[in-house]
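Please read it beside the sequence and the model.

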Amino acid sequence: MNIKIKKIYNYFPKKIETLTDLCKINKDWNKKTILERTGVNKKRISRSNETIQDLIKGLKKKYKNINELNNCGLMILVTQTPHSTIPSNIHLFQKIFKIKHSAIAFDINQGCSGYLYGLATADSLMQKFKTKTAAIITCDTYSKFISKNNRSCRTVFGDALTLTIVEKTNKKHFLDYSLGSDCSGFDNFKLESNEIKMNGSEMYNFARQSVPTEVEKILKKTKIKKEKVKFFIFHQASKLILETLQKSLGISKDKLFVNISEVGNTTSSSIPLAIQSLMNKKRIKKNDILLLSGFGVGYSWGTCLYKN
């Protein structure tokens with residue numbers, strides 16, 4: 001049994017925050033220098049009284065009825081900023097969408113690699129239980145835990161929700177996965193006293209040193225040459241990290257997907273947002289190969305090759 005991505009939906013909170021707004025508040029910030037490193041001009045952020053519950057309600061209001069949800073035998077919600085700790089937030093999602101049928105449903109607490117963990121988990125469980133359709137939801141409201149004077153984080157992170165529908169198919173689309181973690185980065189990105197704190201230089205070093213190795217490893221294992229990959233879709237961490245990975249791996253600019261300027265770093269939602277954008281613009285054709293790579297907090301990482 002094999003699975004494929006059928007469709008991706010998204011929702012963004014309505015509030016927009018620009019780098020110009022932040023620089024007006026923080027007079028000592030150099031807009032040009034920050035933009036050169038982050039690449040983020042603006043992003044959507046949640047209001048102080050909003051949680052992922054509001055993002056889920058926003059998704060329902062935007063699309064009214066998402067018919068595929070009525071047949072999902074598996075539902076996974078990826079978040080690190082839950083609306084509730086008990087019960088799992090996927091049940092809140094089911095409640096809002098009035099999904100009453102029985103389904104395997106649970107949360108995954110994972111950050112920027114979360115989408116890859118969600119895909120790999122869905123693939124495995126769908127094969128085990130012969131599930132025909134599954135839903136993977138990614139949603140976070142990091143901005144609620146980042147002060148406006150927190151330069152390393154506030155200038156980068158935006159909030160978003162995505163819903164990916166995957167379904168059973170005869171053709172093999174997910175060619176291979178690679179997942180991993182390294183607890184040496186435990187203290188370099190964490191939530192303390194209701195504030196997200198990030199050691200930016202160490203997170204950069206982790207991405208620079210680890211991601212190219214993981215990419216080369218999966219390409220070698222599957223015997224796929226870099227030239228055969230249509231798009232390299234990395235987690236949209238920052239402009240600096242994306243440019244570093246591009247140079248390290250020798251990727252041409254036309255193969256590197258970048259959308260961080262308008263939405264920021266949306267953690268586990270960044271990769272599905274990228275895939276959705278390419279699909280909507282019809283830039284992905286039949287048999288095109290995509291390399292997906294998520295990495296960050298933990299440290300944790302996930303990589304996969306997907307053939308459309």
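A residue is called buried when its relative accessible area is under 20%, exposed when it is over 50%, and partly exposed in between, with a 1.4 Å probe and only protein chains considered. Helices (H or I, at least four residues) and strands (E, at least two) are DSSP runs numbered from the N terminus. Six of the eight residues of H4 are buried, so this helix is largely enclosed by the rest of the structure. The model is a predicted one, in which local features need pLDDT of at least 70 and side-chain atom pairs count only at pLDDT 80 or more, while totals for chains, interfaces and linings use all residues. Residues are numbered from 1 along each chain as its sequence is written, and side-chain values use heavy atoms, with hydrogens and water left out.

**Overall form**

- The chain holds ten helices and 13 strands. Its radius of gyration, taken over C-alpha atoms, is 19 Å, close to the 19 Å that the globule rule (2.2 Å times the number of residues to the power 0.38) gives for 308 residues, so the chain is as compact as a globular protein of that length.
- Taken along the principal axes, the C-alpha atoms fill a box of roughly 55 × 45 × 40 Å, and 56% of the 308 residues count as buried.
- The accessible surface, from the Shrake-Rupley method with a 1.4 Å probe and, for residues, with only the protein chains shown as cover, comes to about 14300 Å², and 48% of it belongs to carbon and sulfur atoms.
- With contact meaning heavy atoms within 4.5 Å, residues 24 or more positions apart account for 78% of the contacts in the chain that have a separation of 6 or more.

- Helix H3, residues 52-63, has twelve residues and spans 17 Å from its first C-alpha to its last, which is close to the 16 Å expected at 1.5 Å a residue, where the expected span is 1.5 Å times one less than the number of residues.
- In H3 the buried residues include Ile52, Leu55, Ile56 and Leu59, and the buried residues of this helix pack against strand S1 (2-11), S4, H4, strand S6 (133-140) and strand S7 (160-169). Lys64 follows H3 with a positive phi, near 60°.
- In H4 the buried residues are Asn89, Ile90, Leu92, Phe93, Gln94 and Ile96, and they pack against H3, S4, strand S5 (104-108) and S6. Just after H4, Lys98 has a positive phi of about 55°.

**Two residues in loops**

- Thr79, in the loop between strand S4 (74-78) and helix H4 (89-96), is buried at a relative accessible area of 4%. Apart from neighbours within four places in sequence, Thr79 is in contact with Ile52, Ile108, Asn109, Gln110, Cys139 and Asp140.
- A polar contact is a pair of N or O atoms within 3.5 Å, where, within protein, one must be able to donate a hydrogen and the other to accept it, and residues adjacent in sequence count only if both atoms are side-chain atoms.
- Asp288 is located in the loop between helix H10 (270-280) and strand S12 (289-296) and counts as buried at 15% relative accessibility.
- Although Asp288 and Lys230 are 58 residues apart in sequence, their C-alpha atoms are 5.9 Å apart in space, and their side chains make a polar contact of 3.3 Å. The side chain of Asp288 also reaches the backbone nitrogen of Lys285 at 2.7 Å.

**Aromatic pairs**

- Rings of Phe, Tyr and Trp (its six-membered ring) pair if their centres lie within 6.5 Å, and planes under 30 degrees apart count as stacked, over 60 as edge-to-face and the rest as tilted. The count by this rule comes to ten aromatic pairs.
- The rings of Tyr142 and Phe189 have centres 6.0 Å apart and planes at 45°, so the pair is tilted. This pair links distant parts of the chain, 47 residues apart, with Tyr142 in the loop between S6 and helix H6 (151-154) and Phe189 in strand S9 (residues 189-192).
- Tyr142 is buried at 3% relative accessibility, and Phe189 is buried at 8%.
- Phe206 and Trp301 form a tilted pair, 6.1 Å centre to centre with 40° between the planes. Phe206 lies in helix H7 (residues 200-222) and Trp301 in strand S13 (residues 300-307), so the pair ties together parts that are 95 residues apart in sequence.
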